[in-house]
Amino acid sequence: MSTDMLKPASTRPGAAGALAPPFRHTGVWKIYAATAGLYGISGIMQPQFFSADHLIQLLVISSFLGILAMGQTLVILTGGIDLSVAYMLNLGAVIMTQAASDYGGGTAAIIMVAAGIAVGALNGLGVAYLKISPIIMTLAMSSILKSVTYVYTDGNPKGAAPDWLRYLGTGSVFGIKLALLVWLVFAAAIVLLLGKTTFGRKVYAIGTNPTVSHLSGIHNKRVLVLVYTLSGLFAVLAGMMSVGFYGLSFLGMGDTLLLPSIAAVVIGGTSIMGGRGGYAGTIAGAVILYILMSILTLLDMRDAGKQIIYGLVILVVLFLYGRAKTARS
């Protein structure tokens with residue numbers, strides 16, 4: 001037996017690296033610089049985009065994708081992916097409006113959160129304990145959620161957002177949109193969670209090398225279940241905020257957000273292989289995508305074309321990441 005294995009976990013070769021804080025993402029400023037540059041281009045194309053009203057509206061719309069991408073960031077950091085977030089958002093939205101009309105807004109919120117946690121936990125259990133590929137597990141869950149949503153609503157969601165939720169989605173406090181404040185609070189919590197807690201270090205360790213993290217004493221399976229559970233929770237919260245903004249829910253509400261939820265994470269500098277990046281970059285990634293959407297709208301690009309652009313953006317970023325990784329090695 002190697003003498004290294006007799007040493008404490010924190011002193012074994014590789015363990016320190018697994019538990020070190022790789023969340024220090026020194027390239028975040030470049031992502032925000034790119035965001036500012038793209039915003040400048042959009043303003044040149046359409047001067048009205050430089051108005052304060054448009055900027056606030058852009059950030060509010062970005063906040064829904066930003067909240068959705070919180071869970072996606074956590075999952076991707078572990079080396080996985082969650083393809084069910086868009087359909088979880090949709091289910092959360094229709095539960096919020098339909099259950100609110102039947103039982104009241106407070107009860108609807110509890111049911112919605114419970115559903116998000118339950119579905120996320122099922123994803124995590126399948127990935128961690130049943131060893132199902134994250135792609136297969138969450139893709140299958142997407143199909144299930146889509147069918148459940150259709151059956152639950154009978155193909156026609158009813159009800160509207162409760163007044164308090166409508167205010168949360170569209171109201172302001174001291175001139176600041178509440179939706180932005182909610183995003184800011186969640187964003188600060190995730191950044192601190194990843195950067196300042198043991199849980200955050202474990203997430204990065206699993207994404208860097210799950211074998212080494214296990215040998216370092218980390219319960220990989222428990223962390224993965226919690227990560228996917230949080231992903232489900234943030235997805236339904238994004239659905240709730242969307243309902244508050246639009247005032248109602250509809251089938252397919254989150255269908256176009258699956259690729260953007262992944263693209264925001266990748267554009268934000270998080271490695272699709274896991275272990276590197278963070279939510280600070282994802283924030284800029286979400287804003288970049290909606291600036292890009294504004295530009296494509298100006299160019300009269302249809303939704304199908306936008307999805308193609310999102311896919312190409314992911315491929316280009318992955319290509320550039322691969323070249324940079326090769327250069328470093």
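This is a predicted model: local features need pLDDT of at least 70, side-chain atom pairs count only at pLDDT 80 or more; totals for chains, interfaces and linings use all residues.
Residues are numbered from 1 along each chain as its sequence is written. Local features need pLDDT of at least 70 and side-chain atom pairs count only at pLDDT 80 or more, while totals for chains, interfaces and linings use all residues; side-chain values use heavy atoms, with hydrogens and water left out.

The protein chain carries 14 helices and two strands, taken as DSSP runs (H or I, at least four residues; E, at least two) numbered from the N terminus. Of its 329 residues, 51% are buried, meaning under 20% relative accessible area with a 1.4 Å probe, protein chains only.

Helix α11 takes in residues 220-246. With 27 residues at 1.5 Å each, it should span 39 Å, and its end C-alpha atoms do sit 39 Å apart, so the two agree; the expected span is 1.5 Å times one less than the number of residues. Most of α11 is covered, with 23 of the 27 residues buried.

Helix α9 (residues 198-208) meets α11, their axes coming within 10 Å and crossing at roughly 105°. That angle makes α9 roughly perpendicular to α11 (65 to 115 degrees). On the α9 side the contact uses F199, K202, V203 and I206, and on the α11 side N220, V223, L224, L226, V227 and L230.

Note on methods. Buried means under 20% relative accessible area, exposed over 50%, partly exposed in between (1.4 Å probe, protein chains only). Axes are lines fitted to C-alpha atoms, for helices over the stretch in contact, and angles run from 0 to 180 degrees between N-to-C directions. Angles under 35 degrees count as roughly parallel, over 145 as roughly antiparallel, 65 to 115 as roughly perpendicular and the rest as oblique. Contact means heavy atoms within 4.5 Å.
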